[in-house]
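Have a look at the sequence and the model first, then read on.

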Amino acid sequence: RIAYVNGQYVRHADAAVHVEDRGYQFADGVYEVCEIWQGRIVDMTRHLDRLDRSLGELRIGWPMTRAAVEFVVRQVVRRNKVRNGLVYIQVTRGVSRRDHFFPPEDVAPSIVVTARSTSPEAASAQAAQGIAVVSYPENRWPRVDIKTVALLPNVLAKQNAKEHGGKEAWYVDTTGFVTEGGSTNAWIVTKEGTLVTRPAESGILRGITRAVVLELIEKEGLTFEERPFSLQEAFEAKEAFVTAATSIVMPVVRVDDRMIGNGHPGSVATRLRDLFHTATD
Ligand code: PDD
């Protein structure tokens, strides 16, 4: 495998950043994960738009032009011969002697790009079975709209889910409403058949997969509401699912100790999953 690190393509096994990289010391960086589907990088424009926004919010510069980043991403995918998989892009504020203040202007941001193959068959098998999610108190900072590499709360919530038989954590705020997953956006389908997901400007990451699914829902003429839903409402939902570049549309069949619907993936989630790639760039 090949990775790209600050200007060079290197063997993945040897790919490394400096010990004084601010990503390593302060989690002072941002990232994107794009799906690679049949050799295509899915919705790269939207992912790079979001990267641009994340960088801007943290006042980190582009490590090179956006066109150059795009070129490198395609190169890494090609050099690793990935047809189906994921590409990871990380940009940090760069390497500088440890100091909380921003480094001097001449310190260049660091960039790392990696890619790996995933198994579409394994993903389909998982989707046919559905996943369990485990609720967890929302304990993240208020700027979850920025896709930063500061993911310790997400790590802890997801590990807790795993230790309770789940594949994803659902954050629940102090008023009992689900915000999002540890690395996914959260959805339910009510008994009346209405799709519900939390508004993007209310304490969640504006997921690219979420946006594509919303467009798909409109195209299909399905009824939906962008509003917060409670954990209780999720327990009583007909269906639930999560969305992310890493899992597309993944049916949820259990939330904590409650079975969702009949305990099998719902027809709406399954249909949205099947149609997903017809709606992407
Ligand atoms: N996670 N919410 C959170 C907290 C996320 O970390 C992610 C993505 C999403 C979904 O966003 P998108 O549809 O653009 O992938 C929502 C990535 C995939 C990860 O950390 O692996």
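## Contacts with the ligand

Keep in mind that this is a predicted model. Let's begin with the backbone of Ser183: one of its polar atoms is 3.3 Å from a nitrogen atom of the ligand. Ile208 also uses its backbone, with a polar atom 2.8 Å from an oxygen atom of the ligand. Tyr31 works through its side chain instead, where a polar atom lies 2.6 Å from a ligand oxygen.

How much of the ligand does the protein bury? On its own the ligand would expose 470 Å², and the protein buries 91% of that.

## Who lines the shell

There are 20 residues around the ligand, and the ones that come nearest are Tyr31, Glu180, Ile208, Thr209 and Ala245. Sorted by class, the shell holds 6 nonpolar, 10 polar and 4 charged residues.

Which elements give two or more residues to this shell? They are strand 3 (29-37), helix 2 (44-58), strand 9 (178-181), helix 6 (208-219) and strand 13 (239-244). Domain 1 (2-118) and domain 2 (123-278) both contribute residues to the shell, so the ligand lies between them.

Now for the strands. Strands of a sheet pair through backbone hydrogen bonds, and the pairing can be parallel or antiparallel. Here, 6 strands make an open sheet in the order 2-1-6-5-3-4, with antiparallel pairing. At the edges are strand 2 (8-11) and strand 4 (40-41), each of which pairs on one side only.

Within that order, strand 1 (residues 2-5) sits next to strand 6 (residues 110-117). These two pair in the antiparallel sense over 2 bridges, and Tyr4 stands opposite Val113 in strand 6.

## A hairpin that leads back to the ligand

Strand 9 is one of the elements that give two or more residues to the ligand shell. Its partner here is strand 8 (residues 168-172), and the two pair in the antiparallel sense over 2 bridges. Trp170 stands opposite Gly181 in strand 9.

Strands 8 and 9 form a hairpin with 5 residues between them. In the turn, Gly176 has a positive phi of about 90 degrees.

## The chain overall

Stepping back, the chain has 8 helices and 15 strands. Its C-alpha atoms fill a box of roughly 55 × 40 × 35 Å along the principal axes. A compact globule with 281 residues would have a radius of gyration near 19 Å, and the chain has 19 Å, so the two agree.

Methods
Residues are numbered from 1 along each chain as its sequence is written. This is a predicted model: local features need pLDDT of at least 70, side-chain atom pairs count only at pLDDT 80 or more; totals for chains, interfaces and linings use all residues. Side-chain values use heavy atoms; hydrogens and water are left out. A residue is near a molecule or strand if one of its heavy atoms lies within 4 Å of it. A polar contact is a pair of N or O atoms within 3.5 Å; within protein, one must be able to donate a hydrogen and the other to accept it, and residues adjacent in sequence count only if both atoms are side-chain atoms. Accessible areas come from the Shrake-Rupley method with a 1.4 Å probe; for residues, only the protein chains shown count as cover. Helices (H or I, at least four residues) and strands (E, at least two) are DSSP runs, numbered from the N terminus. Ala, Val, Leu, Ile, Met, Phe, Trp, Tyr, Cys and Pro count as nonpolar, Asp, Glu, Lys and Arg as charged, and the others, Gly among them, as polar. Domain bounds come from an automatic or database domain assignment. Two strands pair if DSSP finds at least two bridges between them. The radius of gyration is taken over C-alpha atoms; the globule rule is 2.2 Å times the number of residues to the power 0.38.
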